[in-house]
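Subject: Structure handover

Hello,

Here is the structure I said I would pass on. My notes on it follow below.

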Amino acid sequence: MFMKKVTQKIAAPLSLFVALITLAIPLTAPKNAFAAPANHVVIAEIYGGGSQVSASNTASYKYNYAKLYNPTDASVTLDGWSLQYNKANSIDGGEWESTDLAGTIPAHGFYLIQEGANDPDLKGADLPTPDAAGTIQFSNKDGKVALLNTTSKLNIQNPSLDADVVDFVGYGNANAYKGSATVQPSIIKSLERKAVNPLDPDGPGLDPNKGQAGELFGNGYDSGNNGNDFVIVKGGNPQNSQSPMEPIASATNNANLKDLRADEGSLSPKFAPETTSYTIAVPVQTNLVHLTATASDPHATMTVDGNTYDSGNLISVPLNHDVTDITIQVNSQDTTETKTYTVAIKRAAIVTDDASLSSLSINPGSLNFLPDTTSYVVNVPSHVTSINLIAELSDPFAAIIINGEKYDSGTAKPIGLNNGDHKIAIDVTAQDHKTQKTYEITIHRVDPVSDNLLLSFSTVGDSRGDSAKQDLSKQDAHWQQNTKAFSRIIREVQAVKPNLFLFNGDMIMGYTPDSNADVLTEQYSFWRGLVAKLYETGTYVVPVPGNHETQDKRGSQKIATEANENTWRSNMGDVIMDTTRWKDIIGSDLLGWDPSNYPKKGIDSITTNQKQLSYSFDLKDSHFAIINTDAAGNDSHAPVEWLKKDLANAKARGINHIFVFGHKFAYPYVYDNSIPDGLDPANRDLFWQVIEDYQATYFCGHEHIFNVDLPQGKAYQVMVGSGGSPFDASNTSHSPTDRTYAWANVKVYEDGRVHIDCVGFDENYGETKVLQSFDLY
């Protein structure tokens, strides 16, 4: 039946086609006609630059390729089909080249056809495993490609006239095409068919480029006009029958912004998706402010003061009055939700004489800032050779000079320390350029009071293996665990005998397509077997959920599910927290533990039970908070409100040190041009403010790499996401530690000092070395 429908659709207007050719007029689509989704397999992408090199570019891929897409709800068998190609200007139909196809293209899935290379010296990237392969050398600029439901070669200039043709594309300067020819691709650019807009199926197609509205909606747009149906894609997008199906989601009702910022002044309050009203203060002389608003759902539509606005673009706001009001309206993709954000930009009415600071801090070291106090003495250990200082102005339009150098309010400034006492002068000049105030800090370097150890812990994350990216043993390929690296880490942790071993997520591969509890439980069991020996040698294991534990794959999307959360609890709940086992191992009662203390539904956008996913406890003078950074319905978000309350209660109990453990990082470690996804930027800023307010240290993974950073100068983010997973960095050109299996050993001393040793061994399993050491106070 499917074949019959395809044939009828193409053959019906044959007399019209013949008449047009007789008049020597190219085939054209009806004026202003769009298309319903195609009801047949289509040519989705064409790339003809395989292995070629130009003066300025090298081919994106070694081989030419064509990609098919099946927009229907049923798989289609391609046995007996063929893909055929001819030169752009060919008139002799006998010049067609053909590649036979076989197998099945899934519903809403793809089929990749690898063709020949244009140069025997292969250059460019490898393609994903092709579903069919031929030797055709596509042109990278002009040509004709036809998909047929037969293997019989074409013998015609214009394949649109053949009843066996399922789809046909003429590109560049081709002398045959549907409607009009496409633009020319290149050795680094392919042609890709547009996607159907799920909200307007009969309207214009959506751009399938990465980050654009049609990225995840397949390639089913067919207006009957090649020139209208295809766009240029830099770098190409080859997908095979094993690639995730598209579209992968229905229209959403998300009408939130995920980011809003200004190039002048700063938002008050700090941006949060649920907060809709903001002010920005700027100097009285400011005449223009630029805003940038980014929607959480790239498919949502937006207006600014009633005018259509593209998410992420600059909004120029002329300031003609003391207060200028801006209205940003976000309409959800499914059109059921609308959210309105307002920004009041206020020009300062007068020039002030405020020359005071609103806050002042250093790290390492502790400074109790008071607005009316201008002189401070801070003690740091004798081995500390530099500190980071952060000063913030009460009036953002005043100016700061630190030790004679201009300084931007609120940024971290590293200052090297001399032997003995070191003085720092902070000079503040008000807007009026007359009023001044000077703050002085004396840094006194002293020897530690005590070396008596109070407690210790080790932490790492990301041990799951990936047989597609790593050379794993047969056993590890089955269990998806890099036991060679992780078992060594466990042995070396055992040797230092910490009280706790905190594992920061991604202990299993997970990512089943249906939250398969049987598969997940098998993987959990194998991981638990690996860490069991730690209990036997006096270390309590504390698990932290990661995205591979809480999320599942839905097409190409990774989405946290309640089923995965339930499977986490069934496999990890007996150690979160086993008070009897704790006392046997630690030698004291579990303190600060409240089984009912976890994020509740309705707070932090929580929609599911978070018991044993986010939790906390105390050990001696230290508080340990574990957070789930991928809660169902709120992926890539930390439970900020819960954490704020939890840390406040810990401080009220007299806790001296706070350590927070989560899987996803707040701030990425950028080791090349790519920036991986961690916490949502708006949530990250709120989360990090809590970390700084409570002088906490955040341990995380997710990036399979080692890095220690002071993102905003006040608190450390320690990334130890290389417990065995495939390294994210392809080489060590950025830092020789980028491809190391690394973890952190932390010691807390009675004198209040916290010493952190980050250690690891390289990918060749060489000697374990100290990668970085530092102290907290």
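How many positive and negative side chains does the chain have, and how far apart do the centres of the two sets lie? There are 59 positive and 91 negative side chains, with the two centres 1 Å apart. Please keep in mind that this is a predicted model.

Overall form

The chain holds 11 helices and 45 strands. Its radius of gyration is 31 Å, close to the 28 Å that the globule rule gives for 777 residues, so the chain is as compact as a globular protein of that length. Along the principal axes, the C-alpha atoms fill a box of roughly 95 × 70 × 50 Å.

Of the 777 residues, 53% are buried. The exposed surface comes to about 33,000 Å², and 48% of that is supplied by carbon and sulfur atoms. Among contacts with a separation of 6 or more, 68% are between residues 24 or more positions apart.

In soluble globular proteins, nonpolar side chains tend to be buried together. The largest nonpolar core here has 64 residues, and the members that touch the most others are Phe457, Leu500, Tyr540, Phe617 and Phe624. Helix H6 (residues 517-536) gives the most to this core, namely eight residues. Apart from this core lies another, of 29 residues, which includes Trp642, Tyr667, Tyr669 and Ile705.

Helix H8

Which residues of helix H8 (residues 562-572) are buried? They are Asn564, Glu565, Thr567, Trp568, Arg569, Asn571 and Met572.

Lys583

Lys583 lies in helix H9 (residues 579-586). Is this side chain's residue, Lys583, buried, exposed or partly exposed? Its relative accessibility is 42%, so Lys583 counts as partly exposed, the cut-offs being under 20% for buried and over 50% for exposed. Not counting residues up to four places away in sequence, Lys583 touches Ser588 and Asp589. Leu417 is 166 residues from Lys583 along the chain, and their C-alpha atoms are separated by 44 Å.

Regards

Definitions and conventions
Residues numbered from 1 in each chain as written. Predicted model: local features only at pLDDT ≥ 70, side-chain atom pairs only at ≥ 80, totals over all residues. Heavy atoms only, no water. Helix = DSSP H or I, 4+ residues; strand = E, 2+ residues; numbered from the N terminus. Rg over C-alpha atoms; globule rule 2.2 N^0.38 Å. Buried < 20%, exposed > 50% of the residue type's maximum accessible area, 1.4 Å probe, protein only. Contact = heavy atoms within 4.5 Å. Areas by Shrake-Rupley, 256 points an atom, 1.4 Å probe, with all protein chains shown as cover. Lys, Arg positive; Asp, Glu negative; His and termini not counted. Charge placed at Lys NZ, Arg CZ, Asp CG, Glu CD. Core = buried A, V, L, I, M, F, W, Y, C linked by side-chain atoms within 4.5 Å.
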